[in-house]
Amino acid sequence: MIIKTIINITEVFLLLYLGHAAIYYLFFAIASKLPHNKRSINGKFRKFAVLIPGYKEDAVIIDVAKEALNQKYPKELYDVIIIADSFKESTIEQLKTLPVKIIEVSFDVSTKSKALNRAMTIISDQYDIALVLDADNIMEDDFLTKINIAFDNGYSIVQGHRVAKNTNTSFAVLDAISEEINNSIFRKGHRAIGLSSALIGSGMAFDYHFFKERMSSIKAVGGFDKELELTLLREGHKIEYLDDAIIYDEKVQKAEVFANQRKRWLSAQLVYFRKFFFSGIYHLIKSLNIDFFDKVYQMVSPPRIMLLGSSFFLFILFYLLNMSATFSNIIITSSHYWFGVFIITSIALLTATPAKFWNNKTLKAMGSLPRAVLIMYKAIFRLKGANKKFIHTQHGT
């Protein structure tokens with residue numbers, strides 16, 4: 001009797017947890033199709049510090065630095081600042097031939113937050129906007145202009161639209177689609193109903209002095225953008241998203257890189273859920289801070305790929321159990337419920353996926369989806385200590 005009760009409680013908990021997540025994703029996927037407010041142009045030009053931290057990114061940094069200089073924005077109003085951590089001397093010498101600022105850093109334990117904080121203690125405070133890029137990011141040539149317009153319209157925290165630079169392997173395609181689903185649900189969909197966009201770690205811009213002051217308290221080893229985002233939302237700040245401000249980002253190409261990246265992300269989510277959970281509830285009750293509470297929920301919500309795989313597996317499992325005379329008297333959950341969760345999740349992901357991915361390359365990449373799901377599950381059991389050490393994603397297409 002006790003065992004049956006435990007099994008039934010577990011069934012109901014899983015159904016509520018996964019079912020709520022499926023409905024949540026579907027709601028914001030549909031919301032992403034709603035129009036967002038148009039921006040006006042006031043014409044005030046601000047000075048940008050384009051901050052590009054990189055750890056051993058010798059393979060890509062030269063091309064990225066050159067591309068960053070090609071903005072259709074007044075040249076005297078933006079500086080490209082390369083924060084070089086453990087670069088080769090030959091790479092530094094090549095960078096010195098370009099009109100960029102180079103700040104060499106070195107740490108016992110390298111992190112993006114340390115690199116950014118060190119750089120902002122060295123450069124002057126003459127800037128209006130801090131724009132953070134990854135060492136593999138390439139901006140479209142009107143990126144700074146569009147960010148500047150958003151600041152004209154009163155925003156001081158703006159996330160650009162990060163898209164795939166490459167889709168040359170099945171894992172790169174899956175990573176590219178995952179990125180766009182996140183853009184639809186956590187950025188475009190949220191902004192459409194008045195909630196804040198999620199930050200993504202690069203292609204994000206801030207009022208410079210505000211960013212410098214806030215970053216000084218961020219000591220995260222992994223997921224610094226999540227700690228920063230949660231802190232900003234707790235304080236009541238609004239984060240804008242620009243769907244037409246495009247920045248290209250290299251997608252992971254191999255299973256082992258995919259595994260390391262997801263382990264880092266899952267670890268960061270768990271750490272920040274624990275850190276901000278009670279604060280999220282407190283601020284929801286005290287000041288109806290839905291933005292902050294919503295972000296805390298995101299930290300514990302199942303990743304989309306795991307939700308899809310789990311709901312399908314549970315549908316098959318409960319279908320077989322329902323058919324069994326032995327187990328049908330023990331379980332109370334019908335397989336129809338799990339099939340419903342799977343269908344809702346599938347509709348949400350399809351709705352959030354841009355039409356440009358409806359092609360044969362995506363169909364071929366779907367063959368790697370089961371492996372990707374297994375990698376995510378393995379990552380869950382390897383999270384111990386993952387947020388206490390620097391896990392680097394090597395770039396170089």
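Q: What makes β1 and β2 a pair, and how many bridges join them?
A: This is a predicted model. In it, 8 bridges join β1 to β2. A pair needs at least two bridges. So 8 bridges make β1 and β2 a pair. The two strands run parallel.

Q: What makes β2 and β3 a pair, and in which sense do they run?
A: They share 5 bridges, and the sense is parallel. The cut-off is at least two bridges. So 5 bridges qualify β2 and β3 as a pair. Here Ile81 has Lys101 in β3 as its bridge partner.

Q: Where do these strands sit in the sheet, and what is its order?
A: The sheet is open and has 8 strands. Its order is β3-β2-β1-β4-β7-β6-β8-β5, and the pairing is mixed.

Q: Why are β3 and β5 called edge strands?
A: Each of them pairs on one side only. β3 spans 101–105, and β5 spans 138–139.

Q: What makes β5 and β8 a pair, and how many bridges do they have?
A: They have 2 bridges. At least two are needed. So β5 and β8 count as a pair with their 2 bridges. They run in the antiparallel sense. Met139 has Ile247 in β8 as its bridge partner.

Q: How do you know that β6 and β8 pair, and in which sense?
A: The count is 7 bridges, in the parallel sense. With a cut-off of at least two, 7 bridges make β6 and β8 a pair. His161 stands opposite Ile246 in β8.

Q: Why is β2 called mostly covered?
A: In β2, 8 of its 8 residues are buried. Tyr78, Val80, Ile82 and Ala84 are on one side. Asp79, Ile81, Ile83 and Asp85 are on the other. Both faces are therefore covered. Side chains in a regular strand alternate between the two faces of the sheet.

Q: What makes β8 mostly covered?
A: Of its 10 residues, 7 are buried.

Q: Is Asp79 buried or exposed, and how do you know?
A: Asp79 has a relative accessible area of 17%. Buried means under 20%. So Asp79 is buried.

Q: Why is Lys101 called partly exposed?
A: Its relative accessibility is 35%. Under 20% would be buried, and over 50% would be exposed. The value 35% lies in between, so Lys101 is partly exposed.

Q: What makes the contact of Asp79 and Lys101 a salt bridge?
A: Their side chains meet at 3.5 Å, N to O. The cut-off is within 4 Å. So the contact of Asp79 and Lys101 counts as a salt bridge. Asp79 lies in β2 and Lys101 in β3, so the pair ties together parts that are 22 residues apart in sequence.

Q: How do you know that Arg162 and Glu179 form a salt bridge?
A: The distance is 3.0 Å, N to O. Within 4 Å is enough, so Arg162 and Glu179 form a salt bridge. Arg162 lies in β6 and Glu179 in helix α6, so the pair ties together parts that are 17 residues apart in sequence.

Q: Are Arg162 and Glu179 buried or exposed?
A: Arg162 has a relative accessible area of 7%. Glu179 has 6%. Buried means under 20%, so Arg162 and Glu179 are both buried.

Q: What makes Lys251 and Asp249 a salt bridge?
A: Their closest N and O atoms are 2.8 Å apart. That is within 4 Å, so Lys251 and Asp249 form a salt bridge. Lys251 is buried, and so is Asp249. Salt bridges that share partners join Lys112, Asp134, Arg162, Glu179, Asp249 and Lys251 into one network.

Q: Why is Lys88 called exposed?
A: Its relative accessible area is 54%. Exposed means over 50%, so Lys88 is exposed. Lys88 lies in the loop between β2 and α3.

Q: How do you know that Tyr319 can belong to a nonpolar patch?
A: Tyr319 has a relative accessible area of 42%. Tyr319 is in helix α11. The patch covers about 530 Å² and is made by Phe312, Ile316, Tyr319, Leu320 and Met323.

Definitions and conventions:
Residues are numbered from 1 along each chain as its sequence is written. This is a predicted model: local features need pLDDT of at least 70, side-chain atom pairs count only at pLDDT 80 or more; totals for chains, interfaces and linings use all residues. Side-chain values use heavy atoms; hydrogens and water are left out. Helices (H or I, at least four residues) and strands (E, at least two) are DSSP runs, numbered from the N terminus. Patches are made of residues with over 30% relative accessible area and no salt bridge: like charges are joined within 9 Å, nonpolar side chains (Val, Leu, Ile, Met, Phe, Trp, Tyr) within 5 Å. Accessible areas come from the Shrake-Rupley method with a 1.4 Å probe; for residues, only the protein chains shown count as cover. Buried means under 20% relative accessible area, exposed over 50%, partly exposed in between (1.4 Å probe, protein chains only).
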